[in-house]
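Hi everyone, thanks for coming. Have a look at it first.

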Amino acid sequence: MTTTVGGEDRVMATAQQIVKSLNAPKDVTEDMILIFSSFDNRLSNITHLISNEKVGTRVGDRFEAAEEVILRWDSGSDASRHSLPWDDSPDEVAEYLTAIDEILQLTEDLSLQSESEVMDRAENALQLAMTKLEDEFRHILIRSTVPLDADSLHGSIRRVSLSFACNDGELEDFENFGEDYQETSCYHERGASLGDDLFVDLIHHDAVTELKEIADRMIRSGYEKECCQVYSSVRRDVLDECLSILGVEKLSIEEVQRIEWWSLDENMKKWTQAVKIVVRVLLTGEKRLCEQIFSSSELIKEVCFTETAKGCVMQLLNFAEAVAIVRRSSEKLFRILDMYDTLKDVLPGLEAFFSDESGELVCSEAQGVLAGLGEAAKGTFQEFENAVQGETSRKPIQGGEIHPLTRYVMNYVKLVVDYSDSLNSLLESNTDKSDCLPNDNRDGLHMGEMSPIACRLLALLTLLESNLEEKSRLYGDSAMRYIFLMNNILYIVQKVKGSDLGKLLGDDWVRKRRGQIRQYATSYLRASWSKVLSCLKDEGIGGSASSASKLALKERFKNFNLNFEEIYRIQTAWKVPDAQLREELRISISEKVIPAYRSFMGRFGSQLESGRQSGKYIKYTPEDLESYLSDLFEGSPGVLHHVRRKS
């Protein structure tokens with residue numbers, strides 16, 4: 001049996017060798033097999049043997065051709081010193097990529113599995129190819145990056161500028177504002193908004209296709225880790241550079257704690273703009289880029305994006321975290337609220353970007369920082385309330401003008417109203433409405449219907465009014481005290497009416513303050529002009545107009561002149577900034593003084609005009625007095641030198 005089998009093998013081998021050596025075309029080969037089969041049916045099996053050998057030959061040829069292409073670009077050749085000619089010779093690139101595909105296909109189809117030596121060569125060729133592609137991937141990423149044009153981005157930002165008088169000092173130092181204080185000297189530029197259609201190219205469009213060609217093959221070859229590392233490393237550096245272009249500095253917590261306020265303020269403003277640009281423009285573009293390049297692998301797509309973006313996001317969050325724990329002072333409130341609003345606004349987008357397990361840390365950190373900024377805002381607002389209540393400067397404001405405290409607080413409050421939505425949500429659990437105002441100072445307002453911030457602002461204005469009442473007592477001249485109160489209460493009313501705070505407090509609140517101003521005006525007239533008017537009364541002159549004592553009349557006119565001139569000298573230096581209030585006060589004075597003076601002159605002036613030196617006593621006509629009254633409250637001290645000529 002063994003001999004028979006051995007004989008058959010030799011017969012089959014001989015027939016196979018004959019057919020193979022002739023190297024005949026397919027149809028001739030088939031004819032020859034039919035002839036052999038006619039001699040011996042066993043020879044019909046030669047078809048299968050010849051077919052398998054030809055397949056093996058073709059596989060080997062394909063592998064060797066692909067290997068040759070790859071080795072041509074190996075590190076030992078001249079070609080390896082250059083990048084693949086993507087632009088200049090796309091056919092060469094296509095040949096190289098096809099060679100990789102060929103070897104991958106052969107290894108995946110197990111066509112080379114039976115030949116261990118060839119399989120080793122295939123794995124070596126793939127390793128060489130992947131090293132080359134890794135370098136190409138890095139090179140294309142770097143050379144194809146589009147630099148961020150910050151000017152065009154900032155030009156697309158719609159800014160909302162809100163006027164706010166601020167200083168570099170603490171709230172307690174109001175007197176340091178000085179008399180040249182200008183509330184328009186600086187402004188708070190509230191968080192800008194980005195257009196929904198804002199879009200930037202992060203990489204030249206043509207390069208995306210090339211990057212995808214490489215990424216697909218590296219992932220297919222099992223080199224996804226190396227591919228992801230290269231991508232993340234290059235793109236991380238790009239995003240870091242973008243932050244630098246946007247003005248975001250890398251500052252440690254210690255540096256943020258030590259930085260001057262003006263510099264911190266600038267950094268906070270840049271942070272607010274940068275966060276919006278990063279999340280809505282850069283990360284959106286980066287996500288789209290990852291989806292285009294790594295479309296063949298959902299996992300790699302997510303990992304690459306997270307590894308690329310989280311460093312940039314964490315740098316922004318670290319700065320915000322440092323800001324949240326800096327020493328609290330009132331001037332920081334609006335920047336903190338800007339940062340809070342901005343982070344709250346972009347948080348859903350961040351959570352969508354980092355939705356996988358690898359991005360949980362970023363989302364958790366962002367939520368923690370947002371909570372920290374909210375606490376910082378609440379604490380800073382509380383600091384402001386305490387500062388207003390505790391502001392005890394003892395220096396009277398020259399001329400009875402508007403106190404810097406009033407200006408600062410009202411501009412502050414006016415801006416606070418613009419952040420009502422944020423503050424209402426933050427203060428909801430921290431505001432006891434029953435404690436906002438004393439029972440006798442609620443102005444008929446329904447406290448239960450008020451929002452938390454409305455309640456707190458009402459309490460704050462009550463504190464301000466009480467503080468101003470105390471400061472008015474610093475003036476030795478009671479008349480000046482009332483000028484000071486009129487100026488300051490009117491300023492408060494005007495600021496309330498000129499903002500959304502007016503809707504909050506209502507017309508009754510405004511009417512009550514206007515009534516206070518009228519009461520202060522009446523008190524001013526009484527305190528300042530009663531002594532002048534007492535000189536124009538008939539009592540103590542000694543009888544009727546014809547029998548009045550000339551000596552007494554001279555004394556009355558003399559005292560009137562002295563008192564009027566003293567008031568003129570003092571009150572021309574006083575300042576009433578509001579033109580309408582200034583004119584109303586002058587009219588009120590004129591209505592009391594001029595008719596009384598004209599009547600007194602009409603009754604008794606003739607008795608002195610006929611005598612010598614009458615001009616010494618009757619120095620002014622009613623018209624003169626009216627003219628001089630128009631000089632009051634201008635803030636420029638004046639002295640009367642006028643002597644009335646005898647007619």
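Let me start with a term: a helix here is a DSSP run, H or I, of at least four residues, and helices are numbered from the N terminus. Keep in mind that this is a predicted model.

With that, the place of Lys554 is in helix 19, residues 550–571. Lys554 counts as partly exposed, because its relative accessibility is 31%. On the surface, Lys554 gathers with Lys550, Lys558 and Lys616 in a patch of positive charge.

Now the whole chain. It has 21 helices and two strands. Of its 647 residues, 50% count as buried.

How many salt bridges does the structure hold? There are 33. Let me show you a few of them.

In helix 7, residues 205–220, Arg217 and Glu213 sit four residues apart, about one turn of the helix. They form a salt bridge, with 2.7 Å between the closest N and O atoms. Arg217 is buried at 11% relative accessibility, whereas Glu213 is partly exposed at 30%.

Next, Arg481 pairs with Glu469 in a salt bridge, and their closest N and O atoms are 2.5 Å apart. Arg481 lies in helix 17 and Glu469 in helix 16, so this pair ties together parts twelve residues apart in sequence.

Glu565 is buried at 19% relative accessibility, and Lys619 is buried at 18%.

Key. Residues are numbered from 1 along each chain as its sequence is written. This is a predicted model: local features need pLDDT of at least 70, side-chain atom pairs count only at pLDDT 80 or more; totals for chains, interfaces and linings use all residues. Side-chain values use heavy atoms; hydrogens and water are left out. Patches are made of residues with over 30% relative accessible area and no salt bridge: like charges are joined within 9 Å, nonpolar side chains (Val, Leu, Ile, Met, Phe, Trp, Tyr) within 5 Å. Accessible areas come from the Shrake-Rupley method with a 1.4 Å probe; for residues, only the protein chains shown count as cover. A salt bridge is a side-chain nitrogen of Lys or Arg within 4 Å of a carboxyl oxygen of Asp or Glu. Lys and Arg count as positive and Asp and Glu as negative; His and the chain ends are not counted. The place of a charge is taken as NZ of Lys, CZ of Arg, CG of Asp or CD of Glu. Buried means under 20% relative accessible area, exposed over 50%, partly exposed in between (1.4 Å probe, protein chains only).
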